[in-house]
Each structure stands twice: as C-alpha cells, then as structure tokens.
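Have the structure open and follow along.

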Amino acid sequence: MTYARTEPTDQEPDIRARPPLVREFLLVAGLFLAYKFGRRAANGHVEEAFRNAGNVWDLERALRLPGEGAVQGLLLHSQPLIHAANTYYAAVHFPATALFLVWLYWRRPRHYVRSRRVLAALTAAALALHLLFPLAPPRMLPVAGLVDTGQLYGPTVYGQTPATDTMANQFAAMPSLHVGWAVMVAVGLILATRSRWRLLWLLHPALTLLVVVGTANHYWLDAIVVAAMLAVALAVFRLPLSARTDPARPLGWGSDDGSAVPAYAGGARPRDFASAVPAGSAGSVTGPGSFAAAGVPPSFGASGPATNGADAGSRAPARAGAAR
C-alpha cells in the first residue's frame with residue numbers, strides 16, 4: 001500500500017509529554033548556576049591562556065582561515081554598527097535561548113526535552129574544555145592587531161582586568177557557546193515548525209558568528225569546535241520519531257486507532273482503491289475504476305459478476321464480506 005508522510009503540524013501540543021514546570025525551572029536554573037560558577041572557577045591561568053591563544057592564531061593562519069580583523073574592519077566603519085554588534089553580543093545570547101526553551105516547553109514538549117538535553121550536554125562539555133584549555137580571546141592578543149570594541153564603544157559584559165573579573169571568565173574563548181547556543185536555537189526551531197520561512201532562523205547563528213568574531217571575542221576555530229561538539233550532542237540525543245513527523249498514514253485511511261482499514265471500505269473512489277490494492281493481487285487494478293481481466297474477486301463466483309438486479313442484490317453481502 002502507498003504511505004504518505006507529512007511535516008510537523010501546528011496542532012495542539014501533547015500535554016502528556018510536557019515535564020513538570022517547577023522541576024524544569026529548578027533543573028535549568030541549577031544547570032545555569034553550575035555553569036556560571038564553573039567558569040569563574042576557571043579564572044586565572046593567564047600565561048597558559050595567552051600561550052594557547054598564540055597557538056590557535058598560528059593554527060588558523062596555517063589552515064588559511066580568514067583573519068578576524070577583516071570582519072572587525074567592516075564593523076569599525078560605522079560607530080552605530082559596532083555599538084549594535086556589542087549590544088547583540090551582550091543582550092541576545094541568554095534571552096534568545098531562554099525564550100526558545102520556554103516556547104518549546106509550551107508548544108512542542110517533545111522537542112523541548114531533547115533540546116534541553118542537548119544544550120545541557122553541550123554546555124557541560126564546553127565547561128570541561130574551558131577548564132582544560134584556557135584561551136585568551138583575540139582582542140587580548142597583540143599579534144592579532146584587534147581592538148576591544150566593548151571597552152571602546154560599549155556596551156560590554158567584561159571587566160577591564162580579565163584576571164580578576166568576578167562576573168565572567170574572559171579566558172573561556174574555546175569553544176564559543178554564543179555560537180553553539182545560537183545554532184541549537186535555529187536547528188530546534190527549524191525541526192519544531194513547518195513554516196515555509198523557517199530556514200530564516202539560520203540568520204541568528206550567522207549573525208552571532210559575525211558578531212563574536214567582529215567584536216574580537218572569539219576566533220573562527222571557537223565556532224568550528226562548538227559546531228562539531230553540537231553535532232555530536234544532536235547525534236547522541238535523537239529526536240523521538242513521533243516528534244519528527246506525523247505518524248505514517250496510508251493514503252485514504254480514515255481510522256484514528258491505526259487499524260488496517262482499506263481505502264475502498266469507506267466508500268472511496270475507484271482511483272483510491274487502485275492505489276490501495278497491491279499490484280498483481282486478486283483485485284489489482286489496471287486503470288482507474290477498472291478490474292484486471294485475470295483478477296476476478298472470488299466473491300463473484302465462477303460464472304462471473306451478476307447480470308441482473310436480483311443477482312446483484314443477492315451477491316452484495318458477499319462483496320461486502322470480501323471487501324472487509
């Protein structure tokens with residue numbers, strides 16, 4: 001039989017798949033606090049962070065990646081533009097991710113559970129890498145020739161003295177969670193919606209990438225590494241099949257309980273019957289509304305179909321029985 005699949009629908013959310021709200025709030029808040037305190041615990045390691053920065057810079061040049069200065073040069077042509085980039089870096093990262101999770105929790109619970117797991121795994125792996133590989137951002141590297149746009153034009157989320165910054169770990173450039181979370185937001189919304197414009201969500205990670213590089217807060221490699229880590233997390237935490245698409249439903253089937261109901265049993269048109277009957281079977285169809293010569297149903301009897309109204313009426317129950 002012929003089966004048809006559809007894209008995710010905008011139907012009412014499955015409330016049964018929605019985790020308890022208080023538990024989820026405490027869980028997400030706990031993960032966030034653990035991450036923030038973990039980053040602060042990784043402060044210091046100044047010499048190691050600058051040594052790693054030099055190695056990353058040399059590796060990028062060996063790989064012939066474009067210089068971060070090319071992006072920053074474009075932003076520095078306009079003070080409002082560089083101010084907007086700093087604002088985007090400081091103000092969009094956390095609120096966008098939080099709104100993404102809230103919307104999924106309310107409208108796409110099954111997608112929410114998977115996205116929360118992916119983000120938690122990605123953040124934990126990033127924190128481990130921050131601890132193992134402290135990295136000074138390119139704005140601190142003299143050989144890069146870049147400026148600290150946040151300090152010069154504002155706004156900024158970092159203190160002027162990186163080693164004693166009590167608000168954030170400025171030596172946690174590798175990997176870039178700004179980029180990682182932005183990519184997850186875009187991927188999650190593309191999978192959870194069916195709008196023809198849903199691919200436009202990719203503008204969020206694209207813009208985030210340009211912002212983190214143009215403000216000299218991250219290297220290109222920071223984004224490449226986090227993208228690879230996110231790909232692994234997405235592969236580990238697979239989306240349930242029931243959340244990817246609507247359940248497969250054969251063409252013309254009208255049963256809500258998933259039982260096998262032939263298309264022609266509910267008064268479907270001959271062409272629906274043609275698509276529902278396997279080729280070469282006793283009731284195969286050679287064209288819309290016609291029976292194959294060698295495929296006479298057994299219920300018609302050896303002498304063929306009825307030729308008058310009485311016989312036709314007497315054989316109607318037999319046909320119905322054969323159809324069932």
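Let's start with P175, which sits in the loop between helix 7 and helix 8. (Helices here are DSSP runs of H or I with at least four residues, strands are runs of E with at least two, and both are numbered from the N terminus.) The peptide bond leading from M174 into P175 is cis, with omega near -5°. P155 is found in the loop between helix 7 (149-153) and helix 8 (177-192) too, and a cis peptide bond joins G154 to P155, with omega about -10°.

Before going further, a word on what you're looking at. This is a predicted model, where local features need pLDDT of at least 70 and side-chain atom pairs count only at pLDDT 80 or more, while totals for chains, interfaces and linings use all residues. Residues are numbered from 1 along each chain as its sequence is written, and side-chain values use heavy atoms, with hydrogens and water left out.

**The chain overall**

The protein chain has 13 helices and four strands. Of its 324 residues, 40% are buried; buried means under 20% relative accessible area, exposed means over 50%, and partly exposed is in between, using a 1.4 Å probe and protein chains only. Take the contacts between residues at least 6 apart in sequence: 75% of them join residues at least 24 apart. Contact here means heavy atoms within 4.5 Å.

Helix 9 covers residues 203-214, and H204 lies in it. Is H204 buried or exposed? Its relative accessibility is 17%, so H204 counts as buried. The H204 side chain makes a polar contact with the side chain of Y88, at 2.7 Å. (A polar contact is a pair of N or O atoms within 3.5 Å; within protein, one must be able to donate a hydrogen and the other to accept it, and residues adjacent in sequence count only if both atoms are side-chain atoms.) Setting aside neighbours within four places in sequence, H204 is in contact with Y88, V92, A96, A182 and V185.

Now look at how helix 4 (residues 79-91) meets helix 9: their axes come within 9 Å and cross at roughly 115°. That makes helix 4 roughly perpendicular to helix 9. The axes are lines fitted to C-alpha atoms, for helices over the stretch in contact, and the angles run from 0 to 180 degrees between N-to-C directions. As for the angle classes, under 35 degrees counts as roughly parallel, over 145 as roughly antiparallel, 65 to 115 as roughly perpendicular and the rest as oblique. On the helix 4 side, A85, Y88 and Y89 meet H204, L207, T208, V211 and V212 of helix 9. Sorted by class, this contact of helix 4 with helix 9 has six nonpolar, two polar and no charged residues. (Ala, Val, Leu, Ile, Met, Phe, Trp, Tyr, Cys and Pro count as nonpolar, Asp, Glu, Lys and Arg as charged, and the others, Gly among them, as polar.)

Helix 3 (residues 68-75) packs on helix 9 as well, at an angle of about 95° and with the axes 8 Å apart. That makes helix 3 roughly perpendicular to helix 9. E68, V71, Q72 and L75 of helix 3 make this contact with L210, V213 and G214 of helix 9. The residues in the contact of helix 3 with helix 9 divide into four nonpolar, two polar and one charged.

Which non-glycine residues have a positive phi? R64 is one of them, at about 60°, and A216 is another, at about 65°.

Back in helix 2 you'll find N52, which is buried with a relative accessible area of 9%. Not counting residues up to four places away in sequence, N52 touches F133, P134 and L135.

Finally, F94 lies in helix 5 (residues 93-107). At 34% relative accessibility, F94 counts as partly exposed. Apart from neighbours within four places in sequence, F94 is in contact with F32 and W181. F94 and W181 are 87 residues apart in sequence, and their C-alpha atoms are 8.8 Å apart in space.
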